[in-house]
Amino acid sequence: MTAEPLERSLDHHDRLTDPGTHRPDDPPLVLRTASEADLPELRRLDEEVFQEFAYPGFLLRQLFDMYEEHFLVLDDGTGRLRGYVLAGTRALGADSWILGLCVTPDRRRHGLGRELMTEVLDRLRRDGIRVVRLTVEPANLAAIFLYRGLGFRPEEPDGGLRPDYFGPGAHRQIMRLDLDLVMPDRA
């Protein structure tokens with residue numbers, strides 16, 4: 001699978017922030033494919049957002065090597081990344097998993113998670129992926145609302161709730177999106 005290069009600025013004044021919440025000192029963000037040079041900053045970002053659930057550095061490196069075309073970042077131009085999304089695909093088949101989505105706390109509630117997800121879903125659709133799954137902590141209502149707004153639904157037959165999915169007490173909701181049934185919505 002090959003994906004076209006991506007690099008575009010996100011206009012936060014018009015598209016992604018409420019006028020009352022945008023800070024003038026916020027640098028503009030560029031949504032682009034991750035590069036090898038981003039790995040130290042990706043590790044820092046992953047640890048900042050996911051803390052004890054962050055990927056170990058060696059695994060983040062291997063995920064980058066395997067899924068580079070579906071590893072997108074939000075770059076603020078100062079050397080700091082403000083978010084990322086990572087999708088893993090199977091070598092044979094039309095399934096994918098969202099392995100990570102994060103936005104730094106200071107940049108949340110500005111539509112950036114939706115922008116990252118929309119772009120990676122567009123790429124997956126172009127690459128022939130038909131089913132995308134993800135896990136979400138059941139109490140993370142903001143993420144669940146985001147995913148529902150993108151068309152994800154709890155995986156059937158059990159409604160997607162998987163007790164102890166990541167170990168004792170680490171429950172997860174499994175959600176699924178059938179890309180061939182959903183038309184992209186960039187509104």
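Reader: What is the accessible surface of the protein chain, and what share belongs to carbon and sulfur atoms?
Author: The model is predicted, with local features needing pLDDT of at least 70 and side-chain atom pairs pLDDT 80 or more, while totals for chains, interfaces and linings use all residues. Residues are numbered from 1 along each chain as its sequence is written, and side-chain values use heavy atoms, without hydrogens and water. Accessible areas come from the Shrake-Rupley method with a 1.4 Å probe, and for residues only the protein chains shown count as cover. The surface of the protein chain comes to about 10100 Å², and the share of carbon and sulfur atoms is 54%.

Reader: In what order do the elements of the protein chain run?
Author: Helices (H or I, at least four residues) and strands (E, at least two) are DSSP runs, numbered from the N terminus. The protein chain has 5 helices and 9 strands. From the N terminus on, the order is β-α-β-α-α-β-β-β-α-β-α-β-β-β.

Reader: At what angle do helix α2 and helix α3 pack?
Author: Axes are lines fitted to C-alpha atoms, for helices over the stretch in contact, and angles run from 0 to 180 degrees between N-to-C directions. Helix α2 spans residues 39-50 and helix α3 residues 57-67, and their axes lie 10 Å apart at an angle of about 120°. Angles under 35 degrees count as roughly parallel, over 145 as roughly antiparallel, 65 to 115 as roughly perpendicular and the rest as oblique, so α2 is oblique to α3.

Reader: Which residues of α3 does α2 meet?
Author: Contact means heavy atoms within 4.5 Å. From α2, the residues involved are L39, L42 and R43, and on the α3 side they meet G57, L60, R61 and F64.

Reader: Is T104 buried or exposed?
Author: T104 sits in the loop between β5 (95-103) and α4 (112-126). Leaving aside neighbours within four places in sequence, T104 is in contact with L45, E48, V49, L81 and R82. Buried means under 20% relative accessible area, exposed over 50%, and partly exposed in between (1.4 Å probe, protein chains only). T104 has a relative accessible area of 1%, so T104 is buried.

Reader: What is the relative accessible area of R44?
Author: R44 is in helix α2, and leaving aside neighbours within four places in sequence, R44 is in contact with R80 and L81. The C-alpha atoms of R44 and G57, 13 residues apart along the chain, are separated by 9.5 Å. R44 is partly exposed, with a relative accessible area of 22%.
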